[in-house]
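Take a look at the predicted model below. We will go through the places where its parts meet.

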Amino acid sequence: MKLVKINEDNCVYCHLCEVACKTEHSISKDIIKAVKKENVLSRCTAEFNYPYSASIMCRHCDDAPCIFACQNGSMHRDERGYVVVNQDTCVGCWMCVMVCPYGVIKQGKNNNDWDLSVKCDMCPDRGIPACVEACPNEALTFEEL
Amino acid sequence: MKDVKTYTPPDFHVIRDPDRCIKCRACVDQCSFDATFYDEEEDKIWNWDAKCVGCNRCAAFCPTEAITIENRTSPYRVNESWGNSNVVGVKKRAAFGGAPVVSMGSDKPYIVYWDHMLINASQVTNPSIDPLREPMELKTFLGKKVDRLEIQDGKLKTVLSPQLEIELPIMFAAMSYGALNYNVIEAMGRAAVDLGTYFNSGEGGLHKDHYKFKGNIIVQVASGRFGVYKEYLDVASAIEIKIGQGAKPGIGGHLPGEKVTASIAQTRMIPKGTDALSPAPHHDIYSIEDLRQLIFALKEATEYKKPIFVKIACVHNIAAIASGVAQAGADVIVLDGFKGGTGASPQVIRDNVGLPIELALASVDDRLRQEGLRGKISLVASGGIRNSMDVVKAIALGADAVYIGTATLIAIGCTMCQQCHTGKCAWGIATQDPFLSKRQNPNIAAQRLVNLVNVWGLEIKETLGAMGINSIESLKGNRLALRGFDLNEKEMEILGILHAGE
């Protein structure tokens, strides 16, 4: 299974992974509309503590605590092997947010303004995740791990 | 708050299109000069033009192209005889009480002779060559040559001097660990290995990790003697004695203490946090005879197995000086023109002292030929080589190979904003800041350098083919391949070329 490898030594803290993530997960797929109109949440977060910086997103753990904590099976492992959330059944109880050891599950809103879990889905519509493609310094690479 | 007492008009104007700006803060966190900042209360990104150095890092990273950086013209009344730089220069000196330090090569509008020379090509009377179909030789050997080879019983009797073999006549110029950071040196090393050429350690010693590039290293022995010891000399393929640097002839070096990190201190063999001062002269070289002693001391120390380079800055009596250096026993003479770069130099020196490499190279080649020395030693030109045709013209003027420094840095991101001396390089090149240094990924940078030099190699082959030459050796010192235009007679006499149409 291929995962996004975080190469902290190369991260320049430019936030382009976040911008690419927002655009990919927007309805319009337009960079400006995604941020200004749709208020899409980025699934990855660029963290900074001088001189360290890195973009953190779901690690798709083998023993994912979020799947264990989810009360109705909304958080599940899909056919590709990645941990994803079914937004049609998520009730927004935030247990996944509580147990995530990396703090990468966010509280987002769906179209009905209902609070839902939002997390990295490894961009099912594209070959390489958007964050990896946008990274200018190979700080994120898509590798077999 | 703006300091009115030291105010001079900003050089740049940063324009932000509010419709396009998505406040992603890529620009804010990329700016290492604090010219861009985010106001949380207003939820707005602001720019401070006075701090902008025009490095274009923010514009490059802006995902929506919301940022445009413009050169501001001087708001002062136009005065052709003073020019803006002199007015601002006076104001800065008066305000700060110190001599301004600058970096990179001189940006003054001196004539660039490369741009006044045209290259020949074959038509009808001699055939041109297609480099894609026929072999084209760019291999160059640097080192002392013999007049004739003696062969006895089918074997070479003459003892040859050590030679540097380079796949194409381009090497990476001396840029020290201290001026550049670890990642950039790593990238240059990897590129040199890939290309079959050499990178120069500069005067700052060589980090132990970079000893792995053995076989592709030229080490420098400069007036500060930083990091010079047995292993350093052993790991090198050639040793370069740096007498002068084109951007600052007659001036030493100064790496400020704050840049001397633990790793640099260890490499340079000086205490951490102390200023690394390279004296202006070598304190043991006050004559050609003294230089000869150092050359042979280094040869002794390396058992006569490595060629010794001597790098001199181009100054007025360069031909006589180069002749002296050749007679002192140097295997290779490196000429550094006044457009060469630097990590820090007093502004007046950078902009006013020295000679253009084109004239110096031509006059040195002439003098060495007259004295019968040119065939014995090799000449390397550096300082202001901007493209592959500059390389061709330099070789036609008499060089064996060239060093590229500024072009190396531009290839990996440098935009020549001339802030190397501040240590805040936003492109992560001339900085020791661990956060900024991360901006150079050796994998990417090495690949870019390999691409650049390979493309230059292809372009050189293409040009040689057009000239009907299949080896770079045949171009060496072949000034008939060049014609000048827009030059006066004296200039053409020194360059040793004919006028276009002749």
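Within chain B, eleven residues of domain 1 are in contact with 13 residues of domain 2. Domain 1 spans residues 4-98 of chain B, and domain 2 spans 129-476. Their centres, taken over C-alpha atoms, are 35 Å apart.

How much area do domain 1 and domain 2 of chain B bury between them? The figure is about 1000 Å², with 56% of it on carbon and sulfur atoms. On the domain 1 side, B:Ser32, B:Phe33 and B:Arg57 lose the most area, together 48% of what that side buries. Two elements of chain B each give two or more residues to this side: helix H1 (26-30) and helix H2 (57-61). By class, the side has four nonpolar, four polar and three charged residues. Between the two domains there are seven residue pairs in polar contact, both residues at pLDDT 80 or more. The count of salt bridges there is zero.

Now turn to the two chains. Here 22 residues of chain A are in contact with 22 residues of chain B. The chains bury about 1800 Å² between them, 60% of it on carbon and sulfur atoms. A:Val12, A:Ile32 and A:Lys36 supply 25% of the area that chain A buries against chain B, more than any other three residues.

Which elements of chain A give two or more residues to the side that touches chain B? They are helix H1 (16-24), helix H2 (31-36) and strand E3 (52-56). H2(A) gives the largest share, four residues. This side of chain A divides into 14 nonpolar, four polar and four charged residues. Across the interface of chain A and chain B there are zero salt bridges. Polar contacts join twelve residue pairs, both residues at pLDDT 80 or more.

Technical notes:
Residues numbered from 1 in each chain as written. Chains lettered and ligands numbered in written order. Predicted model: local features only at pLDDT ≥ 70, side-chain atom pairs only at ≥ 80, totals over all residues. Heavy atoms only, no water. Contact = heavy atoms within 4.5 Å. Buried area = accessible area lost by both parts, 1.4 Å probe. Salt bridge = Lys/Arg side-chain N within 4 Å of Asp/Glu carboxyl O. Polar contact = N/O pair within 3.5 Å; in protein donor to acceptor, adjacent residues only side chain to side chain. Nonpolar A, V, L, I, M, F, W, Y, C, P; charged D, E, K, R; others polar. Domains from an automatic or database assignment.
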